[in-house]
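Subject: Structure for you to look at

Hello,

Here is the structure I promised to pass on. Please open it first, then read my notes below.

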Amino acid sequence: NRIAGGRPISLDDRNFAGSSLTLVGPAELGTLDKGAAQQLKRDIKSVATGPRATLVLYQKQFLSARSVGFGPGTREGGLVEKLGFGGRIESMQLRCN
């Protein structure tokens, strides 16, 4: 479960428990409605970004509507509360600095 190139981020269960997924960017996922991304949409509860990674999570598909950004070196164990839009993530963008 990787996207090639750039800087990694980890996506885990709440408070970094359970299994994790590492995305390596830069990458844009305009929709999380297809294939393995459907499971990703349901399972993201915490996020940790690498030292040169910036992650933006969006409420709607195609990188639109409300968003929350996480800068380099971020560790957020309670993602649902941080998002403020019910924890539903429809798209994401990973940038590498």
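The protein exposes about 5,100 Å². Carbon and sulfur atoms supply 48% of that area. Bear in mind that this is a predicted model. Of the 97 residues in the protein, 40% are buried.

Now the fold. There are two helices and eight strands. Along the sequence they follow the pattern β-β-β-α-β-β-β-β-α-β. For contacts between residues at least 6 apart in sequence, 61% join residues at least 24 apart.

Next, the sheet. Four strands form an open sheet in the order S3-S8-S5-S6, and the pairing is antiparallel. Its edge strands are S3 (27-29) and S6 (64-70), each of which pairs on one side only. Neighbouring strands of this sheet are turned against each other by 15 degrees on average, direction ignored.

Strand S5 covers residues 53-60 and pairs with S6 in the antiparallel sense, over five bridges. Leucine 55 has phenylalanine 70 in S6 as its bridge partner.

Is glutamine 93 buried or exposed? Its relative accessibility is 12%, so glutamine 93 counts as buried, the cut-off being under 20%. Its side chain is joined to that of glutamate 28 by a polar contact of 2.8 Å. Leaving aside neighbours within four places in sequence, glutamine 93 is in contact with Ala27, Glu28, Thr54, Leu55, Val56, Tyr58 and Leu63.

Finally, a second pairing. Strand S4 spans residues 46-49. Which way do its residues point? Ser46 and Ala48 point one way, Val47 and Thr49 the other way, and all are buried. Two bridges join S4 to strand S7 (residues 75-76), and the two strands run antiparallel. Valine 47 has glutamate 76 in S7 as its bridge partner.

Best wishes

Key:
Residues numbered from 1 in each chain as written. Predicted model: local features only at pLDDT ≥ 70, side-chain atom pairs only at ≥ 80, totals over all residues. Heavy atoms only, no water. Buried < 20%, exposed > 50% of the residue type's maximum accessible area, 1.4 Å probe, protein only. Polar contact = N/O pair within 3.5 Å; in protein donor to acceptor, adjacent residues only side chain to side chain. Contact = heavy atoms within 4.5 Å. Pairing = 2+ DSSP bridges. Areas by Shrake-Rupley, 256 points an atom, 1.4 Å probe, with all protein chains shown as cover. Axes fitted to C-alpha atoms, helices over the stretch in contact; angles between N-to-C directions.
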